[in-house]
Amino acid sequence: MADTTALSLLARVVRESGLVAAGSRGVALVSGGADSTAAAAGLVHELGGERVVALHLNYGLRPGSDGDQRTCEELCERLGIELEVERLRLGDGNVQAEARRARYAAAERLRLARGLDWIATGHTRTDLAETVLYRLATSPGRRALLGLRARRGHVVRPILSLERAEARRLVEEADLAFADDPTNAEPVFARNRIRNEILPVLHEIGPEAEATIAETQAELAEEGETLDRLAANALAESGADAAGAIGRDALGEMETAIRRLALRLMAERAAGGQVPLSRARAAEIWRLVSEPEGGVVELGGGVEAHAEHGHVRFTAGPRTEEPEEVLTVPGSCVFGTWEVRAELEAGVPAADGPDRAVLDPAALGRSVLVRAWRDGDRMQPLGLDGTKSLQDLFTDRKVPRSLRHTLPVVAANGRIVWIAGVAVSEEFAAKPGSSESAVLRASQAGT
């Protein structure tokens, strides 16, 4: 018999997270494990079963995959909610990363198709602690420690305040179906070693280790926002010129931490995306800008700091590893500092210029690739005869060189579909009189 107290506690955790408004509707990702079961149960008990649709991805990666699906079916029948199941086969490469990308893409498709408000995952405070510990070992810097936030776009994590053991206990008390993933015990994955070897030792040292790590991350996030704002203000008041150069005297008036953050902000403005700037490299830039001969500091990804004549400026060339993202239609993805969205709309709405692409969904297919400009890229811009190289298009339309490699370029079947804000392909444009169009939009993060 289900323990209603346990369900009430899960509902309270969801409610106190502040992530799902009363009356809202959304997708609950369910894997069959205790954590996602706890999240789904809490959402249903708080909002009502008619406001939650569960989604399970069956990748067929191990013999127990079909058993996980059956567990999810039993859970959803018990909770009285609809379950959508997608069976996928992943490609070669990083299986965990591919599975994660496929999972969120499928959830976003479902969210858009149903007009839902959010996508909920079952991440717990234990997952947060594991993420922080992993990144402490692999990725220096404050920003690396701020992953697994409670909200990212439409994705919410309503039980992030619960430790994994507590979520499991409540699910057991509620007598809900769940199954353990045996791969979580395999030491081949770094996350599993943190989970099974490191966290238990930390709990012996400090029983509240996970809560302490979570609180530390929250403080870092708050303090980081303040520091970043102070750095932006200092840069605005520094007299940095329109070409993005700042003088030695202005930098010298800043405290060391603010100076490093101001330099990082300048580098990211030049690159159009995040640029890591370590304390050592920031110190090297400061040393060179203070010396008569100056010099160049490479920051990776084609970004360079040029110190000369008592000033420093940043340039960005082609990235050594160009990012690529798969955009489902409909769906959304993040590319650098951009969010690119694809929606299906009735008829053929007005394009209103290259900031919005109105395209033929049959020509696009179910997904497209969002990437950076590559040498040799060509397309036939809407309204023009013949093809042009993207380099010539950028020149004709006066796109600054520093921005060219940061703009989202959408490609389908190896052909250019759209360059955000620059041009739409004649080949992929929606046909007049069509009953449906694929509408693509791109916006800078935070706008």
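1. Helices and strands are named here as DSSP runs, numbered from the N terminus, where a helix has at least four residues and a strand at least two. The structure is a predicted model.

2. Is Leu277 buried or exposed? Its relative accessibility is 6%, and because buried means under 20%, Leu277 counts as buried. Setting aside neighbours within four places in sequence, Leu277 is in contact with Arg260, Leu263, Arg264, Ala282, Ile285 and Leu299.

3. The axes of α10 and α11 are 10 Å apart and form an angle of about 90°. Angles from 65 to 115 degrees count as roughly perpendicular, and α10 and α11 are therefore described that way. On the α10 side the contact is made by Arg259, Arg260 and Leu263, and on the α11 side by Arg279, Ala282, Ile285 and Trp286. Sorted by class, this contact has four nonpolar residues, three charged residues and no polar ones.

4. Where does α7 have a kink? The kink, of about 35°, is at Ile198, shortly before the proline Pro200.

5. Some residues of α7 are buried, namely Asn192, Ile194 and Leu199. What covers the buried residues of α7? The cover includes α5 (125–138) and α8 (209–236).

6. The packing of α5 against α7 can be described in more detail. Their axes lie 10 Å apart, at an angle of about 100°, and α5 and α7 are therefore roughly perpendicular to each other. From α5, the residues Thr126, Asp127, Ala129, Glu130, Thr131, Leu133 and Tyr134 take part; they meet Ala190, Arg191, Ile194, Arg195, Ile198, Leu199 and Leu202 of α7. By class, the contact has eight nonpolar, two polar and four charged residues. Ile198, where α7 has its kink, is among the α7 residues that meet α5. The buried residues Ile194 and Leu199 also belong to this contact.

7. Glu163 is in the loop between β6 (155–156) and α6 (164–173). Its relative accessible area is 18%, so Glu163 is buried. Not counting residues up to four places away in sequence, Glu163 touches Thr124, Arg125, Thr126, His203, Glu210 and Ala211. One of them, Thr126, also takes part in the contact of α5 with α7.

8. Asp175 counts as partly exposed, at 42% relative accessibility. Phi of Asn413 is near 55°, and Asn413 sits in the loop between β18 (409–412) and β19 (415–419). Asn413 is exposed, with a relative accessible area of 62%.

9. Which peptide bond is cis? The bond from Val329 to Pro330 is cis, with omega near 5°. Pro330 belongs to the loop between β11 (324–328) and β12 (331–335).

Notes: Residues numbered from 1 in each chain as written. Predicted model: local features only at pLDDT ≥ 70, side-chain atom pairs only at ≥ 80, totals over all residues. Heavy atoms only, no water. Bend = angle between axes of the 7 residues up to and from the residue. Buried < 20%, exposed > 50% of the residue type's maximum accessible area, 1.4 Å probe, protein only. Contact = heavy atoms within 4.5 Å. Axes fitted to C-alpha atoms, helices over the stretch in contact; angles between N-to-C directions. Parallel < 35°, antiparallel > 145°, perpendicular 65-115°, else oblique. Nonpolar A, V, L, I, M, F, W, Y, C, P; charged D, E, K, R; others polar.
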